[in-house]
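Me: Could you take a close look at the salt bridges here and walk me through a few of them?

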Amino acid sequence: MHAWEAIQKTVDYIEDNLSEKITTEELAAIAALSPFYFQRLFTRLVNKPVGEYVKLRRLARSCEALKNKNKRILDVALDFGFNSHESYTKAFKMAFDITPDEYRKNPIRLNQIVKPELLLNYTMIDEDVPLITDNIVIEITRKTLDFPEKYVGITGQVAISSQLPLGETTGVDTPGALWDTFHENKPNILGLIPDGIELGASMMDESGGETFTYFAGGTADDDACADEKLTIWELPAAEYVVCCFEAESFSELTTSALNKAMKYLFGTWLQVHDLVTQPFSAEKYYKTTPDATYMEIWVMPVPK
């Protein structure tokens, strides 16, 4: 068994037992390692110490339970391994900078720690060969745009430290908030094609690496134009590396699956192929149907 497989077994066990008491000794036995070496290996592969990872996954899973206003916050805390309202509130506030009560009253989008799929760090797929893992399907291909694609939407500045690394950072989901604003104003946006592709674009700026610009919008026609609230953004004509993926639900597609696809594309696939990219990436969201929840990440490759 590879080392990552042993740690993945413990990650899977944690996910299935978040409401139970979980000890390091128990997890080390599952991995067939001493507690000392297990903790070192877990921290190295998951990028979080065991205790912190368990706490942050409990907090992530508790967010959905908080939306049920018929359930007391104390009961949510106890269900997810916290021994009191106070300890739960303190941990929640430290992770997300709001209290559980504030989140219940205004359930804003939050960045949450995602359960890792370590196989994606050690598996290389050829182009146009799908990889099935952890209820998602990922495929890398190449596509060429002969003409630029035009989109209309809104932009905002995002602090890199609050969003990256993907799936390993907690706090307010700023790009998610931009999407909420776009969807609220969508019926009034001139030149937006109904039921067209929606697109999110991340663009690095010249801020010394502290922020990036995020665009959230949809396919535009010739009537679309920029103003003080709206931005026109074009996906340039070029050859792209495209990471295609699908998941069992739209919620999973745009959170856990998106995080895993991003990390696989940038952290594994492009690096192994000795490629870097132009300083932007685009997320294409296709219309969800009962049979398909599918999206793509587009990047313009540049040889190192």
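Reply: Here is a tour of the charged pairs, one at a time. Keep in mind that this is a predicted model, where local features need pLDDT of at least 70, side-chain atom pairs count only at pLDDT 80 or more, and totals for chains, interfaces and linings use all residues. Residues are numbered from 1 along each chain as its sequence is written, and side-chain values use heavy atoms, with hydrogens and water left out.

Counting a salt bridge as a side-chain nitrogen of Lys or Arg within 4 Å of a carboxyl oxygen of Asp or Glu, you get 15 salt bridges. One of them pairs Lys67 with Glu64, at 3.5 Å from N to O. For accessibility, buried means under 20% relative accessible area, exposed over 50%, and partly exposed in between (1.4 Å probe, protein chains only). Lys67 is partly exposed at 45%, while Glu64 is exposed at 54%.

Next, Asp134 bridges to Lys115, with the closest N and O atoms 3.7 Å apart. Those two sit in distant parts of the chain, 19 residues apart: Asp134 is in the loop between β2 (131-133) and β3 (136-144), and Lys115 is in the loop between β1 (110-111) and β2. (Strands are DSSP runs of E, at least two residues, numbered from the N terminus.) Asp134 is partly exposed at 26%, but Lys115 is buried at 14%.

Then there's Glu127 with Arg142, at 2.9 Å, N to O. Glu127 is in the loop between β1 and β2 and Arg142 is in strand β3, so this pair ties together parts 15 residues apart in sequence. Glu127 is partly exposed at 31%, and so is Arg142 at 33%. Finally, shared partners join Asp12, Lys115, Asp134 and Lys260 into one salt-bridge network.

Technical notes: Helix = DSSP H or I, 4+ residues; strand = E, 2+ residues; numbered from the N terminus.
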